Amino acid sequence: MSSKGLQPITFRPLGEEIDKKDLLAVIRRFQNLHQIQLRRIQASLSVRQRTFLDLLPLLFHTNHPLLPGFVTTETPAGIPDFKPGRAALQAAAQLSKSFDYKKHAFYDQPIHAIFLMGSVGSIAYSAKKSDLDIWLCHEPGLEAEPLSELRQKAAAIEAWAATLGLEAHIFFINPDEFRSGQGEPISTESCGSIQHHLLLEEFYRTSVHIAGRVPGWWLVPPDQEDLYTAYLEHLRHRRFINFQDIVDLGGLEQISPEEFLGGTLWHLYKAISSPHKSLLKLLLMESYASEFPRPDWLCTRLKASVHAGVLDIHALDSYILMYRKVEDYLQAHGETERLTLARQCFYLKINEVMSQPSAASAEKLERRDILRAMLSEWGWGPQQVHELDSRRRWRIRQALEEQQRISHELMSSYQAIDRFAQEHPIAKGPGSQELVLLGRRLRAALERKPGKVEILSNDGYEKLESEDLSVHEVRLADGELGWAVYSGTVKSTDRDKPDPLKAAHSLLEIMAWLVVNHFQPRSGSVTLETAGSCMSVRDFKSHMDTLSAFLCKFQQAREDLSAFDSPSKVLSSAVFINIGHDPDPDHKDGLQLTSNRFDALSFGATRSNLIHTVDCISLTSWQEIRVSRYRNLDGFFTCLCEALSPFPQPPQAPPFECASFGSVRSRSIALRVQEVYLQLHAVFKASSRARYVIRGGTSLFLFEERSGQLNFRPLADESQLLGELATPRLEYGPVVFDHAALEGSPLPQMFAQSSEGVIQIYALPLAQSTEIYVLDEKGSLFHRTHPRSGPLHLLGVYALYIAAVRHHFPTPVRGIQYFRLDANGRGDFVLSQLDYKPTAAARKLNLRIIGRQRDDGRTSYTLQCDHREFSSEDDGLGELAGHLADLRKEGEAHPLYISEIDVPPSALGEKTAERLQTWHFLNFKREIEERIGA
C-alpha cells in the first residue's frame, strides 16, 4: 500500500483541542491497512476456506438455524455497525438456499467486535501449519446462561472450520475484565494472567479488525502511550469520541517485572516443543526485558507509522517487525551465532523452499520476493539456502546437532530470565502460581537426569531419512556394561568407528530414545553386537514393536499444565523382563522339573526365581519418560512398589504392561508379573491397612503400606512369617496370600475368613497334638501347640478365657466364631465352621489373676486357685505349679480355667488399656500357663 498523498496526523497534547476529522482519518487508515491484510489472508486460503472468513461476522450477527453454529434464536447476537457484504451473503446462500438476510434494528448488540490475532495477518501465516486465533469482544454484563450459549455457538463454529481444514480458536474477551488483568487459567492455548500487557501488545501489533467497534488504542497518539487512560478519558470527556463506538482493552502505561518474567517463561515453555516456531518470540521478550522499565513497543512503532501516513504493508508486517527488533538487539550485543539461528528460524517459519523455483499464486510470489530480498541482505548464497532447505529431510545426527544448538539457546534464554529476576526482585501476585507451574514444566523438560529419555523437538524438519543402525553392547566410561547405538552399519572392530548417537546402561533406554524420537528404522536394518547378552535381532525388533505400541497407546498428545500443580506421578508403565537374559540358562530343555511348581517367582523343585532383570519405562504426569533398571526379586518388588505408590490406590490400576521375549517361558513370566501387579492393586485398593504375602525363591515377602508408600520386606521362612503375623495391630487389616505363597499351611484359608471385630478360633487336630490358631478382632494371629488335648476341649478352654477377658476388659468385638481344620492329605485343608457353645469341664479349677504395678515399674501378681492364694512376691507361681503337680499325681484330670484377670496394661506390654486387644491376653495366658506348668 502506498503512502503517497497521506499527511502525518499529529494530535495535540492532553487537554488541548483535537480535530475530529483527524480521529476519523486515523481510524480509516487502520481499517484500510487491515482490509489489505485481510485480502492477503484470503488469497492464502482455498476457495472453501475463504467462506469461513466471509461468514464469520454474519454468524455472530444473527441466529439462523441453517447456518453453522446455530444454538437457539435467543443466543446473544448482534454486532454494532455491521452490514454483511456481497461475499458473506453469497456464502450464506450457498449453505442455505432459503437464507434471506433482513436488517433488524438491534437495541442490544452484545458482540462488540471481532478480530483476528497472531501470525494470521503476516508473512508467516500458512493455512496448513498455522492456527486461526479469533478474539470475540462481548458485552461485559452478559449473564452466565446466555454466555454459555454463546460459547456453544463458538465451539460449533470452530468445528465447522475444522471441516474446511482450518484450526480456529475463538477466545472470549470481556473488555472490563481484560483491562483489569483478569485472564483465563493458564493452559497450552492461554498464557493466563501472567503476561497481560505483553499479550495486549501482541494484539495491538498483529490484530486484524473484522467487524464491530474499533480499538480505542488507535486514537491515543504514540507519544502519549504512557497516558493512555487519561488521554482516552480526555477524548470522551470532550466528546471527541463516544465510548459506544470503541473497544477499550487498556493501555501499556506500566508493566511489572513479574510479567516480563512470566512472558519469557511462557515462550520458553512453548519453545520446548516448537523451538523454531517460538524462538523469535522468545528473543523478542528478551529484548523487551533489556529495555525495562520503558520498552520500545513494536505496536507503538506500528501506530506511529500509521499516524505518520507511512503505510508500507511489508514494513508493517508484524512478523518482519518482530524479526527487525530481534536483529537490532542481537547485533547490538554482538551475538552473531544467535542471530544466525534467529534468521534460520525466520526462514523456516515462512515455509518457502527458496532453492527451488515456484510457479505459484501472486500472494506466494510476493512472499518469495520479500524473502529473497532478506536473504540478499543477510548475505546468504545459494549453497547456504540449499543446505537449509535440505534440512527438511534430516538424518539422525543432523537432528541431534540441531537439538544441541536449540538446547544451548534455550539455556541462554533461561539464564537471561534468571539475570532479570535477580536484577528485578519479583513480588508475589496473582500470577505467582502460574509462574511456579511454568518453572516446573521447564525443569521437567530441560533437566537431564539418569534414566530420563530425552525428547527432541522435530519442528525444524519435516521427516527423517530412514537409515541403518548398529547397536553394540559396550563397556561404558564407568566400567559397567551398557549399550551404544551408531548410525549406519558399524562393527566393533572398525578402526574409524564414529561416535555413538547415544549410549546408556539400559538397552530399554536406547530403544525408548529411538522410538519416541522416531529414529527407529522404517526400511533400514539393525545390526546387533553383544558381549554378555543373548539378545538377538529378532528379539530386539520384538521389544521395539512392543515399546512403540505402548508409547502410541499411552503417551499424551496434549499436555495439561494443571498437572504441574501437584508432584509428578506415574500415569502408565511397561516392564520388560530379562532383556538379553535367559531366565534359566542351565536347564533350557526343562528336564530339571521334578515338581509341579510353574510359578516364575519360585520355579521347579529348587524354587528358582526366573526374574533376573526388570527394565521399566514410565510415563509421568509431568510429560517425562523415565527408564529404570532393577535386578532380581528385590528389584522386581521395588519396581512394583514404585508403580503402586503413593497411596491411596486409584479405583482403576494405572496401566502396567508386561513383556518378555527370547525364552520358552517368556510368556508365562510376563503373565505372572501382570498378575502380581493387579493383585497388589486390588488388595491395597480394598484396604490401605492390608498386608500381602508372596513367595519369591525360597523366601517369603510381606508387602504393606508405610507413610503413604508401598513397601516390602523379606521373611526367611514360614516361622518368621508366623512371628510377623503374631504382632499387635493398631487397626484391623486383612492379610492376603498369593496363591503360591504357602504350601501345606492353613494360614491362607484362615486369613481369607478373617473379619474385622470378630474373634476366630481354629482347631487343627494332629496325631499327637492339636494346633490352636486365633485371629483376634484386629487380625493379629495367636498360635499354640497343645499336646494330648482334643480340639473341642481346647475350644472350650479358649472360649471361656476370652469371655473372662471381655468381662473385665471390654474390647470392640462383634462376635466369636469356631472352626475345625482337617488335613485332606493333598496339602490342603478342609475348613468347617462349628455351631459351638463352650462349656466347662465338670471337674475344673478356676484361676483368678490379680496384678498391681509396683513403684519400681514391675508387676506383682496374686493368683487364687482351689481356695488357695499364691503371691508372685513369695514364689507363688512355683508353689501353684507344685500344687497342680500334686493334684495330677492323684490321677484325676483337673482342667485349669482362668476365670478372672485383672492386671495393669503394662503387664500385657502396653501403656494404656485402649491399645489392648485379645492377642495381648492370649500371650499373657500362655506365659502364665508355661510358668505354672498348666
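Trainee: How do strand 21 and strand 24 run, and how many bridges join them?
Mentor: Strand 21 (residues 758-765) and strand 24 (residues 815-823) run parallel, joined by 6 bridges. Strands here are DSSP E runs of at least two residues, helices are H or I runs of at least four, and both are numbered from the N terminus. Two strands pair if DSSP finds at least two bridges between them.

Trainee: Before we go on, what kind of model is this?
Mentor: It is a predicted model: local features need pLDDT of at least 70, side-chain atom pairs count only at pLDDT 80 or more, and totals for chains, interfaces and linings use all residues. Residues are numbered from 1 along each chain as its sequence is written, and side-chain values use heavy atoms, with hydrogens and water left out.

Trainee: Back to strand 24. Which residue there is the bridge partner of Ile759?
Mentor: Ile816. Strand 24 is also joined to strand 25 (residues 829-834), by 6 bridges, and those two run antiparallel. There, Asp822 stands opposite Val830.

Trainee: What do strand 24 and strand 25 form?
Mentor: A hairpin, with 5 residues between the strands. Gly825 sits in the turn and has a positive phi of about 85°.

Trainee: New topic. How many aromatic pairs are there?
Mentor: A search of the whole structure finds 37. Rings of Phe, Tyr and Trp (its six-membered ring) pair if their centres lie within 6.5 Å; planes under 30 degrees apart count as stacked, over 60 as edge-to-face and the rest as tilted. Tyr204 and Trp217 have ring centres 4.3 Å apart and planes at 5°, so they are stacked.

Trainee: Are those two buried or exposed?
Mentor: Both Tyr204 and Trp217 are buried. Buried means under 20% relative accessible area, exposed over 50%, partly exposed in between (1.4 Å probe, protein chains only). Both also belong to one aromatic cluster, with Phe30 and Trp135 among the other members.

Trainee: Where is there a cis peptide bond?
Mentor: One joins Phe292 and Pro293, with omega of about 10°. Another joins Ser645 and Pro646, with omega of about 0°. Pro646 lies in the loop between helix 19 and strand 16.

Trainee: Why point those out?
Mentor: Because most peptide bonds are trans, and most residues other than glycine have a negative phi. On phi, Arg239 is positive at about 60° although it is not a glycine. Arg239 is exposed, with a relative accessible area of 68%. Asn351 also has a positive phi, about 65°, but it is partly exposed at 23%.
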